[in-house]
Amino acid sequence: MRRRPGIGGLQSAAAARDQYRLLGENVAKIRTDMMKEQLATFRNQLEDFARKHKNDIRKNPAFRSQFHEMCAKVGVDPLASNKGFWAELLGIGDFYYELGVQIVDICLATRPHNGGLISLQELCRLLCQRRKSAREAVSEDDCLRAISKLKVLGSGFEVISVGKRKLVRSVPTELNKDHNEILELAQAQGFVTVEEVEKRLSWPSGRVVDALDTLLDEGLAMIDKGHRDGIPRYWFPCVSSIASIVGV
Amino acid sequence: MQKLGEFKLPHFFNYPPYFTLQPVRDTREKQVQLWKELILDYCRTQKIFTIILDEEFPLFTNPVIDRSLSHEAREAFLSALISEGRAEWMDKGHKKCLVLWLRIQDWADCILRFVKDNGLEDSVMTIEEIRTGIESRGTELHGMDRNVLMRALRLLEHKGKLAIFKGTSADDEGVKFSL
């Protein structure tokens with residue numbers, strides 16, 4: 001296009017730019033509106049769904065876990081705030097806060113026995129035992145969710161995977177790779193011997209003894225010198241369900 | 001759950017490392033605590049007053065997991081009871097231990113309660129009657145250790161609640177209550 005000279009040309013170019021801008025703004029606004037509308041619809045649907053299945057969500061752990069999954073997919077966190085609509089509607093926030101408190105309680109009570117490391121399974125079992133009176137059942141998934149909320153407090157609650165098992169750690173001890181491997185080995189029988197670790201993991205004995213000593217010091221292992229063969233065994237209360245024995 | 005007669009054994013009794021004195025302090029403290037409770041509980045329900053360290057004692061061995069407590073461990077657990085006033089060595093060599101699942105003071109209270117419940121406030125009884133007589137049947141006093149009973153009675157005598165007197169022979173002692 002040939003550039004048109006004079007003040008008229010400049011003015012018409014500015015007018016065109018304005019027009020374009022207006023149009024663009026319009027389109028963007030329409031898009032946002034549509035988006036808002038969709039989100040509102042979606043939210044309504046989700047609320048309706050939650051309202052309709054309120055009892056299922058509260059009482060059925062499997063259903064609850066699926067509901068959480070659905071919420072996560074669309075970026076809604078029912079636990080994000082206790083004041084939000086979700087908490088009012090479902091009481092879900094309170095449910096997990098309560099669970100969190102009970103989990104802390106159990107971890108503290110069993111700590112002298114297991115050194116602050118407890119298997120998720122065991123924790124869940126103790127939790128159910130303690131909540132016997134409450135009507136809602138609790139799944140491992142619920143435990144994990146409650147624990148993830150505890151992290152906010154910076155109290156060092158953490159879930160670690162050892163082999164196939166999940167362990168909940170309530171002490172700030174850092175377990176290194178060596179310790180993890182020993183714990184994994186111990187899952188078979190509940191205990192290990194120095195010789196067994198040497199053989200299975202092909203470590204020099206110094207490394208084995210070192211790792212086992214640390215585990216003893218941390219209260220995660222107990223030594224047993226009472227077997228007939230005279231070989232000391234290192235037992236790990238956190239991998240046997242024996243943790244329930246004491247103090248809970 | 002494993003049982004000894006009517007007595008329910010705690011779970012830890014089946015966990016082998018509890019039969020080895022733990023080297024790490026915190027772990028050992030917990031271990032000692034559990035054993036203390038177990039020993040007191042067992043002695044109370046079975047009315048056992050003396051434990052002889054190197055003799056068979058049902059709690060010191062668990063055939064199910066093939067473990068038994070070492071002499072050192074036995075002594076450690078009993079010493080812990082002693083430091084709390086719940087037991088006493090009966091000899092210098094620490095071979096015999098008197099277990100006080102009730103303290104002497106508690107035994108004395110027990111006697112007073114027994115006297116009041118049975119309207120014996122001004123009566124005379126022999127020591128043997130208190131330990132094995134019909135009146136005490138079904139109470140904590142029945143079958144109690146003679147030495148412990150005498151100590152509780154002497155405590156009460158000191159407080160003026162009764163008078164101990166000797167009969168014709170040494171094992172024929174009696175008490176006159178005066179509440």
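Axes are lines fitted to C-alpha atoms, for helices over the stretch in contact, and angles run from 0 to 180 degrees between N-to-C directions. The model is predicted: local features need pLDDT of at least 70, side-chain atom pairs count only at pLDDT 80 or more, and totals for chains, interfaces and linings use all residues. Residues are numbered from 1 along each chain as its sequence is written, chains are lettered from A and ligands numbered from 1 in the order in which they are written, and side-chain values use heavy atoms, with hydrogens and water left out.

**Exercise 1. Helix packing in chain A**

Task: Describe how helix H8 and helix H10 of chain A pack, and state which residues make the contact.

Solution. Helices (H or I, at least four residues) and strands (E, at least two) are DSSP runs, numbered from the N terminus. Two packed helices are described by the angle between their axes and the distance between the axes. For H8 (residues 177-186) and H10 (residues 205-217) of chain A, the angle is about 85° and the axes are 10 Å apart. Angles under 35 degrees count as roughly parallel, over 145 as roughly antiparallel, 65 to 115 as roughly perpendicular and the rest as oblique; H8(A) and H10(A) are therefore roughly perpendicular to each other.

Contact means heavy atoms within 4.5 Å. H8(A) contributes A:Asp178, A:His179 and A:Ile182, while H10(A) contributes A:Arg207, A:Ala211, A:Leu212, A:Thr214 and A:Leu215. By class, the contact holds 4 nonpolar, 2 polar and 2 charged residues. Here Ala, Val, Leu, Ile, Met, Phe, Trp, Tyr, Cys and Pro count as nonpolar, Asp, Glu, Lys and Arg as charged, and the others, Gly among them, as polar.

**Exercise 2. Surroundings of A:Phe236**

Task: Determine whether A:Phe236 is buried or exposed, and list what it touches.

Solution. A:Phe236 is placed in the segment after strand E6 (233-235) of chain A. Buried means under 20% relative accessible area, exposed over 50%, and partly exposed in between (1.4 Å probe, protein chains only). With a relative accessible area of 0%, A:Phe236 is buried. Not counting residues up to four places away in sequence, A:Phe236 touches A:Ile182, A:Leu183, A:Ala186, A:Gly190, A:Val192, A:Leu212, A:Leu215, A:Leu220, A:Ala221 and B:Tyr15. Between A:Phe236 and A:Gln187 the C-alpha to C-alpha distance is 8.5 Å, although they are 49 residues apart in sequence.

**Exercise 3. Aromatic pairs**

Task: Classify the ring pair A:Phe49 and A:Phe67 and the ring pair B:Phe12 and B:Trp35.

Solution. Rings of Phe, Tyr and Trp (its six-membered ring) pair if their centres lie within 6.5 Å; planes under 30 degrees apart count as stacked, over 60 as edge-to-face and the rest as tilted. The count by this rule is 17 aromatic pairs over all chains.

The centres of A:Phe49 and A:Phe67 are 6.1 Å apart and their planes stand at 15°, so this pair is stacked. A:Phe49 belongs to helix H1 (residues 6-52) and A:Phe67 to helix H3 (residues 61-73) of chain A, so the pair ties together parts that are 18 residues apart in sequence. A:Phe49 is partly exposed at 28% relative accessibility, whereas A:Phe67 is buried at 2%.

For B:Phe12 and B:Trp35, the centres are 5.4 Å apart and the planes are at 80°, so the pair is edge-to-face. B:Phe12 lies in the loop between strand E2 (7-8) and helix H1 (25-46) of chain B, and B:Trp35 in that helix, so the pair ties together parts that are 23 residues apart in sequence. Both B:Phe12 and B:Trp35 are buried. They belong to one aromatic cluster, whose members include A:Phe191, A:Trp235 and B:Tyr15.

**Exercise 4. A sheet in chain B**

Task: Give the strand order of the open sheet of 3 strands in chain B and identify the edges.

Solution. Two strands pair if DSSP finds at least two bridges between them. The order is E8-E10-E9, with antiparallel pairing. E8 (124-126) and E9 of chain B stand at the edges with a single partner strand each, so one side of each is left without a neighbour in the sheet. On average, neighbouring strands are turned by 25° against each other, direction ignored.

E9(B) is joined to E10 (residues 174-177) by 4 bridges, and B:Leu162 stands opposite B:Phe177. E8(B) is joined to E10(B) by 3 bridges, and B:Val124 stands opposite B:Lys176.

In a regular strand the side chains alternate between the two faces of the sheet. On E9 (residues 162-165) of chain B, B:Leu162 and B:Ile164 form the covered face, and B:Ala163 and B:Phe165 the uncovered one. Helix H5 (residues 146-158) of chain B lies across E9 and E10, running at about 125° to E9(B).
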